Amino acid sequence: MVETRQNIKTFTFADLSAELKAMGLKKYRARQIFDWLYRKLAGSFDEMTNISKDERALLANHFAIPSLTVLYTDVSADGTMKFLFGLEDGHTIESVLIPDKDRLTLCISSQVGCSQGCRFCLTGSGGFERNLKAWEIADQVLTAEKYLETGGYGRGIKRRITNIVLMGMGEPLANFDEVAAALRLITVEHGLGFSGRRVTLSTAGLVPGIDRLGKSRLGINLAVSLNSAADEVRSRIMPINRRYPMKELLSACRRYPLKPRQRITFEYVMLKGVNDSEQDAHRLARLLKGIRCKINLIPFNPFPGSAFERPDEDTVARFQKILLGHHYTAPIRESRGRDISAACGQLRERTTRGG
Ligand code: SAH
Ligand code: SF4
(Lines give C-alpha, C1' and ligand atoms only; values in the text may rest on other atoms or scores of the structure.)
(Ligands and ions follow the chains in the order given, each with its own letter.)
Protein backbone atom coordinates (compact mmCIF):
# COMPACT_ATOMS: atom_id res chain seq x y z
CA MET A 1 0.00 0.00 0.00
CA VAL A 2 1.33 3.42 -0.86
CA GLU A 3 1.58 5.70 2.19
CA THR A 4 -0.49 8.82 1.57
CA ARG A 5 -0.32 10.17 5.10
CA GLN A 6 2.23 12.81 6.00
CA ASN A 7 5.19 11.88 8.19
CA ILE A 8 4.53 13.82 11.40
CA LYS A 9 8.25 13.79 12.24
CA THR A 10 8.97 16.07 9.29
CA PHE A 11 7.01 18.90 10.95
CA THR A 12 8.56 21.68 12.97
CA PHE A 13 6.55 22.77 15.97
CA ALA A 14 5.33 25.89 14.16
CA ASP A 15 4.35 23.92 11.03
CA LEU A 16 2.48 21.32 13.05
CA SER A 17 0.59 24.02 14.94
CA ALA A 18 -0.51 25.50 11.60
CA GLU A 19 -1.44 22.12 10.15
CA LEU A 20 -3.55 21.20 13.19
CA LYS A 21 -5.31 24.55 13.02
CA ALA A 22 -6.18 23.89 9.37
CA MET A 23 -7.60 20.52 10.45
CA GLY A 24 -9.85 22.28 12.95
CA LEU A 25 -7.92 21.11 16.02
CA LYS A 26 -6.96 23.20 19.04
CA LYS A 27 -3.58 24.87 19.03
CA TYR A 28 -2.42 23.27 22.28
CA ARG A 29 -2.64 19.84 20.67
CA ALA A 30 0.71 20.56 18.95
CA ARG A 31 2.44 20.85 22.30
CA GLN A 32 0.79 17.66 23.54
CA ILE A 33 1.74 15.75 20.40
CA PHE A 34 5.36 16.97 20.53
CA ASP A 35 5.47 15.91 24.15
CA TRP A 36 4.22 12.41 23.26
CA LEU A 37 6.56 12.05 20.31
CA TYR A 38 9.77 13.51 21.68
CA ARG A 39 9.51 13.10 25.46
CA LYS A 40 7.29 10.09 26.01
CA LEU A 41 8.56 8.34 22.85
CA ALA A 42 5.07 7.40 21.63
CA GLY A 43 4.93 5.26 18.50
CA SER A 44 1.20 5.65 17.79
CA PHE A 45 -1.64 8.11 18.32
CA ASP A 46 -3.45 5.49 20.42
CA GLU A 47 -0.91 6.08 23.18
CA MET A 48 -1.78 9.79 23.35
CA THR A 49 -4.38 9.38 26.05
CA ASN A 50 -4.92 13.07 26.81
CA ILE A 51 -6.33 13.48 23.28
CA SER A 52 -9.91 12.38 22.62
CA LYS A 53 -10.52 9.14 20.73
CA ASP A 54 -12.16 10.92 17.79
CA GLU A 55 -9.28 13.32 17.41
CA ARG A 56 -6.77 10.48 17.66
CA ALA A 57 -8.55 8.72 14.80
CA LEU A 58 -8.50 11.92 12.75
CA LEU A 59 -4.77 12.37 13.44
CA ALA A 60 -3.99 8.74 12.59
CA ASN A 61 -5.74 9.18 9.24
CA HIS A 62 -3.79 12.30 8.47
CA PHE A 63 -0.30 11.54 9.82
CA ALA A 64 2.00 8.53 9.92
CA ILE A 65 4.56 8.09 12.74
CA PRO A 66 7.42 6.20 11.11
CA SER A 67 10.64 5.36 12.91
CA LEU A 68 13.99 3.79 12.14
CA THR A 69 14.17 0.02 12.44
CA VAL A 70 16.70 -1.53 14.80
CA LEU A 71 18.31 -4.16 12.57
CA TYR A 72 21.15 -5.16 14.82
CA THR A 73 22.77 -4.25 18.13
CA ASP A 74 25.97 -5.33 19.77
CA VAL A 75 27.37 -4.49 23.20
CA SER A 76 31.11 -4.43 23.70
CA ALA A 77 33.02 -5.50 26.81
CA ASP A 78 33.42 -1.84 27.84
CA GLY A 79 29.66 -1.20 27.59
CA THR A 80 29.74 0.57 24.23
CA MET A 81 26.67 -0.35 22.22
CA LYS A 82 26.35 -0.24 18.50
CA PHE A 83 23.05 0.17 16.65
CA LEU A 84 22.51 -0.66 13.02
CA PHE A 85 19.37 1.15 11.84
CA GLY A 86 17.34 0.42 8.73
CA LEU A 87 15.89 3.28 6.65
CA GLU A 88 12.72 3.09 4.58
CA ASP A 89 14.64 2.86 1.28
CA GLY A 90 16.69 -0.10 2.49
CA HIS A 91 19.88 1.81 3.32
CA THR A 92 21.47 1.33 6.73
CA ILE A 93 23.16 3.72 9.13
CA GLU A 94 24.71 3.34 12.52
CA SER A 95 24.84 5.00 15.91
CA VAL A 96 27.07 4.23 18.85
CA LEU A 97 26.08 4.56 22.49
CA ILE A 98 28.99 5.30 24.81
CA PRO A 99 28.45 5.04 28.56
CA ASP A 100 30.74 6.90 30.96
CA LYS A 101 30.57 7.56 34.67
CA ASP A 102 28.10 10.42 34.52
CA ARG A 103 27.32 10.54 30.81
CA LEU A 104 25.55 8.46 28.22
CA THR A 105 26.62 9.76 24.83
CA LEU A 106 25.00 8.81 21.53
CA CYS A 107 27.13 9.22 18.42
CA ILE A 108 24.84 9.71 15.42
CA SER A 109 25.20 9.73 11.62
CA SER A 110 24.34 12.56 9.23
CA GLN A 111 24.73 10.84 5.83
CA VAL A 112 24.65 7.36 4.35
CA GLY A 113 28.35 7.04 3.60
CA CYS A 114 30.51 10.12 3.05
CA SER A 115 31.94 11.86 0.00
CA GLN A 116 34.98 13.45 1.68
CA GLY A 117 37.24 10.44 1.12
CA CYS A 118 39.57 10.83 4.11
CA ARG A 119 42.21 8.12 3.66
CA PHE A 120 42.18 6.83 7.24
CA CYS A 121 38.39 6.50 7.47
CA LEU A 122 36.40 3.41 6.64
CA THR A 123 33.21 5.39 5.97
CA GLY A 124 35.20 7.56 3.56
CA SER A 125 36.52 4.56 1.67
CA GLY A 126 32.99 3.22 1.17
CA GLY A 127 31.75 6.22 -0.85
CA PHE A 128 28.60 8.30 -0.57
CA GLU A 129 25.01 7.13 -0.93
CA ARG A 130 22.75 9.98 0.18
CA ASN A 131 22.05 12.68 2.72
CA LEU A 132 19.89 11.83 5.69
CA LYS A 133 16.66 13.72 6.24
CA ALA A 134 16.33 15.76 9.42
CA TRP A 135 13.86 13.29 10.94
CA GLU A 136 16.19 10.36 10.18
CA ILE A 137 18.98 12.15 12.04
CA ALA A 138 16.85 12.99 15.07
CA ASP A 139 15.16 9.59 15.06
CA GLN A 140 18.47 7.88 15.87
CA VAL A 141 18.15 9.53 19.28
CA LEU A 142 14.46 8.64 19.68
CA THR A 143 14.87 5.04 18.58
CA ALA A 144 17.93 4.51 20.78
CA GLU A 145 16.11 6.05 23.78
CA LYS A 146 13.11 3.86 23.16
CA TYR A 147 15.37 0.81 22.97
CA LEU A 148 16.97 1.75 26.29
CA GLU A 149 13.62 2.45 27.90
CA THR A 150 12.36 -1.00 27.06
CA GLY A 151 15.42 -2.53 28.69
CA GLY A 152 17.26 -3.28 25.44
CA TYR A 153 20.64 -2.32 26.90
CA GLY A 154 20.35 -5.19 29.35
CA ARG A 155 22.06 -5.24 32.74
CA GLY A 156 18.87 -3.68 34.14
CA ILE A 157 20.05 -0.28 32.92
CA LYS A 158 17.41 2.16 31.74
CA ARG A 159 19.41 5.36 31.41
CA ARG A 160 18.50 8.39 29.37
CA ILE A 161 20.94 9.73 26.84
CA THR A 162 22.73 12.82 28.21
CA ASN A 163 24.97 13.91 25.30
CA ILE A 164 24.85 13.77 21.53
CA VAL A 165 27.77 13.91 19.11
CA LEU A 166 27.52 14.09 15.33
CA MET A 167 30.58 11.93 14.76
CA GLY A 168 29.09 8.86 13.12
CA MET A 169 28.88 8.32 9.39
CA GLY A 170 29.01 11.32 7.12
CA GLU A 171 30.08 14.96 7.06
CA PRO A 172 27.35 16.92 8.86
CA LEU A 173 28.18 20.30 7.32
CA ALA A 174 27.83 18.82 3.81
CA ASN A 175 24.16 18.21 4.72
CA PHE A 176 23.72 21.52 6.49
CA ASP A 177 20.00 22.23 6.18
CA GLU A 178 18.80 18.79 7.28
CA VAL A 179 21.37 18.65 10.08
CA ALA A 180 20.35 22.11 11.32
CA ALA A 181 16.66 21.12 11.26
CA ALA A 182 17.49 17.93 13.20
CA LEU A 183 19.52 19.92 15.73
CA ARG A 184 16.57 22.20 16.23
CA LEU A 185 14.34 19.19 17.01
CA ILE A 186 17.02 17.88 19.35
CA THR A 187 17.59 21.15 21.20
CA VAL A 188 14.25 22.98 21.32
CA GLU A 189 12.43 22.92 24.59
CA HIS A 190 9.29 21.19 23.30
CA GLY A 191 11.31 18.74 21.15
CA LEU A 192 13.94 16.46 22.64
CA GLY A 193 15.06 19.31 24.87
CA PHE A 194 18.83 18.78 24.92
CA SER A 195 20.90 21.77 25.99
CA GLY A 196 23.17 22.91 23.15
CA ARG A 197 26.10 22.49 25.54
CA ARG A 198 25.47 18.74 25.43
CA VAL A 199 25.51 18.48 21.66
CA THR A 200 28.69 18.46 19.52
CA LEU A 201 29.05 18.54 15.76
CA SER A 202 32.27 17.25 14.24
CA THR A 203 33.43 18.43 10.83
CA ALA A 204 36.33 17.64 8.54
CA GLY A 205 36.57 21.40 7.92
CA LEU A 206 33.95 22.77 5.52
CA VAL A 207 34.68 26.45 6.07
CA PRO A 208 31.38 27.97 4.80
CA GLY A 209 29.48 25.44 6.92
CA ILE A 210 31.44 26.43 10.04
CA ASP A 211 30.50 30.06 9.43
CA ARG A 212 26.85 29.15 8.89
CA LEU A 213 26.84 27.08 12.06
CA GLY A 214 28.29 30.01 13.98
CA LYS A 215 25.50 32.25 12.73
CA SER A 216 22.77 29.65 13.31
CA ARG A 217 22.38 30.35 17.03
CA LEU A 218 22.06 26.64 17.66
CA GLY A 219 24.58 27.09 20.46
CA ILE A 220 26.12 23.64 20.04
CA ASN A 221 29.77 22.69 20.41
CA LEU A 222 32.10 22.50 17.43
CA ALA A 223 34.70 19.80 16.88
CA VAL A 224 37.12 19.99 13.96
CA SER A 225 38.99 16.95 12.65
CA LEU A 226 42.39 18.50 12.10
CA ASN A 227 44.59 15.39 12.01
CA SER A 228 47.70 17.23 10.89
CA ALA A 229 49.43 20.56 11.38
CA ALA A 230 51.04 20.57 7.92
CA ASP A 231 49.07 21.51 4.80
CA GLU A 232 50.79 19.03 2.49
CA VAL A 233 50.21 16.12 4.87
CA ARG A 234 46.63 17.15 5.58
CA SER A 235 45.85 17.44 1.87
CA ARG A 236 47.19 13.93 1.38
CA ILE A 237 45.05 12.33 4.10
CA MET A 238 42.02 14.67 3.87
CA PRO A 239 41.18 15.84 0.32
CA ILE A 240 38.93 18.60 1.74
CA ASN A 241 42.13 20.44 2.71
CA ARG A 242 42.77 21.23 -0.95
CA ARG A 243 39.52 23.17 -1.07
CA TYR A 244 39.78 24.75 2.38
CA PRO A 245 43.45 24.84 3.41
CA MET A 246 44.47 25.01 7.02
CA LYS A 247 44.90 28.78 7.10
CA GLU A 248 41.28 29.34 6.04
CA LEU A 249 40.05 26.60 8.34
CA LEU A 250 41.79 28.06 11.37
CA SER A 251 40.56 31.57 10.53
CA ALA A 252 37.01 30.18 10.53
CA CYS A 253 37.72 28.60 13.93
CA ARG A 254 39.09 31.88 15.27
CA ARG A 255 35.95 33.76 14.26
CA TYR A 256 33.55 31.04 15.46
CA PRO A 257 31.44 32.61 18.23
CA LEU A 258 32.15 30.80 21.48
CA LYS A 259 30.09 31.23 24.61
CA PRO A 260 31.86 31.81 27.93
CA ARG A 261 33.67 28.61 28.96
CA GLN A 262 32.98 27.01 25.58
CA ARG A 263 35.94 25.64 23.61
CA ILE A 264 36.52 24.21 20.15
CA THR A 265 37.64 20.58 20.15
CA PHE A 266 40.33 19.61 17.66
CA GLU A 267 40.42 15.92 16.87
CA TYR A 268 43.78 14.51 15.96
CA VAL A 269 43.81 10.93 14.68
CA MET A 270 47.37 9.73 15.23
CA LEU A 271 48.85 7.85 12.28
CA LYS A 272 52.20 6.11 12.69
CA GLY A 273 54.99 7.89 10.83
CA VAL A 274 52.54 10.35 9.22
CA ASN A 275 51.61 12.95 11.84
CA ASP A 276 52.99 11.64 15.15
CA SER A 277 56.49 13.15 15.45
CA GLU A 278 57.64 15.55 18.15
CA GLN A 279 58.04 18.19 15.46
CA ASP A 280 54.37 17.66 14.52
CA ALA A 281 53.35 18.21 18.14
CA HIS A 282 55.29 21.49 18.39
CA ARG A 283 53.90 22.65 15.08
CA LEU A 284 50.35 21.84 16.20
CA ALA A 285 50.87 23.77 19.43
CA ARG A 286 52.06 26.83 17.50
CA LEU A 287 49.25 26.59 14.97
CA LEU A 288 46.43 26.60 17.54
CA LYS A 289 47.88 29.38 19.64
CA GLY A 290 45.22 31.84 20.74
CA ILE A 291 42.25 29.57 19.95
CA ARG A 292 40.25 28.57 23.01
CA CYS A 293 40.37 24.82 22.45
CA LYS A 294 41.19 21.34 23.56
CA ILE A 295 42.86 18.64 21.51
CA ASN A 296 41.58 15.05 21.49
CA LEU A 297 44.34 12.63 20.55
CA ILE A 298 42.82 9.55 18.93
CA PRO A 299 45.21 6.68 18.14
CA PHE A 300 44.23 5.34 14.70
CA ASN A 301 41.74 2.50 14.80
CA PRO A 302 42.86 0.08 12.07
CA PHE A 303 40.48 -1.74 9.75
CA PRO A 304 41.09 -4.46 7.17
CA GLY A 305 42.84 -3.00 4.13
CA SER A 306 43.74 0.33 5.75
CA ALA A 307 47.04 1.85 4.68
CA PHE A 308 47.94 3.24 8.11
CA GLU A 309 49.13 1.95 11.44
CA ARG A 310 48.56 2.96 15.00
CA PRO A 311 51.54 4.60 16.73
CA ASP A 312 52.86 2.84 19.85
CA GLU A 313 51.88 4.10 23.29
CA ASP A 314 55.20 5.82 23.96
CA THR A 315 54.92 7.92 20.82
CA VAL A 316 51.37 8.97 21.74
CA ALA A 317 52.46 9.81 25.29
CA ARG A 318 55.42 11.86 24.05
CA PHE A 319 53.17 13.79 21.66
CA GLN A 320 50.70 14.46 24.46
CA LYS A 321 53.44 15.62 26.82
CA ILE A 322 54.57 18.28 24.35
CA LEU A 323 51.03 19.64 24.03
CA LEU A 324 50.59 19.65 27.81
CA GLY A 325 53.89 21.52 28.03
CA HIS A 326 52.32 24.19 25.83
CA HIS A 327 49.39 24.33 28.28
CA TYR A 328 46.81 22.60 26.10
CA THR A 329 44.21 20.19 27.38
CA ALA A 330 45.01 17.08 25.34
CA PRO A 331 43.36 13.84 26.48
CA ILE A 332 44.08 10.57 24.69
CA ARG A 333 40.77 9.18 23.48
CA GLU A 334 40.69 5.48 22.85
CA SER A 335 38.13 4.46 20.25
CA ARG A 336 35.57 2.74 22.41
CA GLY A 337 34.13 -0.66 21.68
CA ARG A 338 37.00 -1.83 19.53
CA ASP A 339 36.08 -5.46 20.09
CA ILE A 340 32.75 -4.94 18.29
CA SER A 341 34.19 -2.70 15.54
CA ALA A 342 32.48 0.36 16.96
CA ALA A 343 34.68 2.90 15.24
CA CYS A 344 33.32 5.06 12.45
CA GLY A 345 31.60 2.96 9.80
CA GLN A 346 32.71 -0.47 10.86
CA LEU A 347 29.55 -2.30 11.93
CA ARG A 348 27.79 -1.46 8.70
CA GLU A 349 30.76 -2.73 6.74
CA ARG A 350 30.78 -5.98 8.63
CA THR A 351 27.09 -6.70 8.24
CA THR A 352 26.73 -5.55 4.64
CA ARG A 353 29.83 -7.36 3.42
CA GLY A 354 29.17 -10.37 5.57
CA GLY A 355 32.80 -10.67 6.77
N1 SAH B 1 32.84 13.76 9.13
C2 SAH B 1 33.04 14.27 10.43
C3 SAH B 1 32.42 13.43 11.52
C4 SAH B 1 32.54 11.94 11.41
S5 SAH B 1 34.14 11.25 11.56
C6 SAH B 1 34.52 14.47 10.70
O7 SAH B 1 35.33 14.01 9.91
O8 SAH B 1 34.83 15.13 11.67
C9 SAH B 1 34.38 11.33 13.32
C10 SAH B 1 35.84 11.26 13.75
O11 SAH B 1 36.38 9.95 13.55
C12 SAH B 1 36.75 12.22 13.00
O13 SAH B 1 37.46 13.02 13.93
C14 SAH B 1 37.70 11.31 12.26
O15 SAH B 1 38.95 11.93 12.11
C16 SAH B 1 37.72 10.08 13.15
N17 SAH B 1 38.13 8.85 12.48
C18 SAH B 1 37.78 8.41 11.25
N19 SAH B 1 38.35 7.23 10.98
C20 SAH B 1 39.08 6.88 12.07
C21 SAH B 1 39.91 5.76 12.41
N22 SAH B 1 40.08 4.74 11.56
N23 SAH B 1 40.51 5.74 13.62
C24 SAH B 1 40.32 6.76 14.50
N25 SAH B 1 39.54 7.83 14.25
C26 SAH B 1 38.94 7.90 13.04
FE1 SF4 C 1 33.81 11.60 6.04
FE2 SF4 C 1 34.58 12.32 8.51
FE3 SF4 C 1 35.26 9.92 7.49
FE4 SF4 C 1 36.38 12.13 6.52
S5 SF4 C 1 36.60 11.33 8.62
S6 SF4 C 1 35.56 10.43 5.30
S7 SF4 C 1 34.68 13.56 6.62
S8 SF4 C 1 33.20 10.63 7.96
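The bridge partner of Val-75 in strand 4 is Met-81. The model is predicted, and local features need pLDDT of at least 70, side-chain atom pairs count only at pLDDT 80 or more, and totals for chains, interfaces and linings use all residues. Residues are numbered from 1 along each chain as its sequence is written, chains are lettered from A and ligands numbered from 1 in the order in which they are written, and side-chain values use heavy atoms, with hydrogens and water left out. Helices (H or I, at least four residues) and strands (E, at least two) are DSSP runs, numbered from the N terminus.

- Nine strands form an open sheet with mixed pairing, in the order 3-4-5-6-9-10-11-12-13; two strands pair if DSSP finds at least two bridges between them.
- Strand 3 (69-75) and strand 13 (293-299) are the edge strands, each pairing on one side only.
- On average, and with direction ignored, neighbouring strands of this sheet are turned by 20 degrees against each other; axes are lines fitted to C-alpha atoms, for helices over the stretch in contact, and angles run from 0 to 180 degrees between N-to-C directions.
- Helix 12 (residues 313-325) packs on the sheet, where it touches strand 12 (264-270) and strand 13; contact means heavy atoms within 4.5 Å.
- The direction of helix 12 makes about 175 degrees with that of strand 13.

**Strands 3 and 4**

- Strand 3 and strand 4 (residues 81-86) run antiparallel and are joined by six bridges.
- Tyr-72 has Leu-84 as its bridge partner in strand 4.
- The hairpin of strand 3 and strand 4 has five residues between the strands, and Gly-79 in this hairpin takes a positive phi near 95 degrees.

**Strands 9 and 10**

- Strand 9 (residues 163-166) runs parallel to strand 10, and three bridges join the two.
- Leu-166 has Leu-201 as its bridge partner in strand 10.
- Strand 10 (residues 199-203) is mostly covered, with five of its five residues buried; buried means under 20% relative accessible area, exposed over 50%, and partly exposed in between (1.4 Å probe, protein chains only).

- Tyr-38 belongs to helix 2 (residues 28-39).
- With a relative accessible area of 1%, Tyr-38 is buried.
- Leaving aside residues up to four places away in sequence, Tyr-38 touches Lys-9, Leu-142, Leu-185, Gly-191 and Leu-192.
- From C-alpha to C-alpha, Tyr-38 and Ile-186 are 8.8 Å apart in space, while 148 residues separate them in sequence.

**Salt bridges**

- The whole structure holds 13 salt bridges, a salt bridge being a side-chain nitrogen of Lys or Arg within 4 Å of a carboxyl oxygen of Asp or Glu.
- Asp-139 forms a salt bridge with Lys-9, and their closest N and O atoms are 2.8 Å apart.
- This pair links distant parts of the chain, 130 residues apart: Asp-139 is in helix 5 (residues 134-149), and Lys-9 is in the loop between strand 1 (6-7) and helix 1 (13-22).
- Asp-139 counts as buried at 1% relative accessibility, and Lys-9 is buried with a relative accessible area of 7%.
- Another salt bridge joins the side chains of Glu-94 and Lys-82 (3.5 Å, N to O).
- Because Glu-94 lies in strand 5 (residues 92-99) and Lys-82 in strand 4, this pair ties together parts that are 12 residues apart in sequence.
- Glu-94 counts as buried at 3% relative accessibility, as does Lys-82 at 0%.
- The side chains of Arg-212 and Asp-177 also meet in a salt bridge (2.8 Å, N to O).
- Here Arg-212 in helix 7 (residues 207-215) and Asp-177 in helix 6 (residues 176-187) link distant parts of the chain, 35 residues apart.
- Arg-212 is partly exposed, with a relative accessible area of 44%, whereas Asp-177 counts as exposed at 52% relative accessibility.
- Asp-89, Arg-130 and Glu-136 are joined into one network by salt bridges that share partners.

**The shell around ligand 2**

- Around ligand 2 stand Cys-114, Gln-116, Gly-117, Cys-118, Cys-121, Gly-124, Gly-170, Glu-171 and Ala-204; a residue is near a molecule or strand if one of its heavy atoms lies within 4 Å of it.
- This shell has four nonpolar, four polar and one charged residues; Ala, Val, Leu, Ile, Met, Phe, Trp, Tyr, Cys and Pro count as nonpolar, Asp, Glu, Lys and Arg as charged, and the others, Gly among them, as polar.
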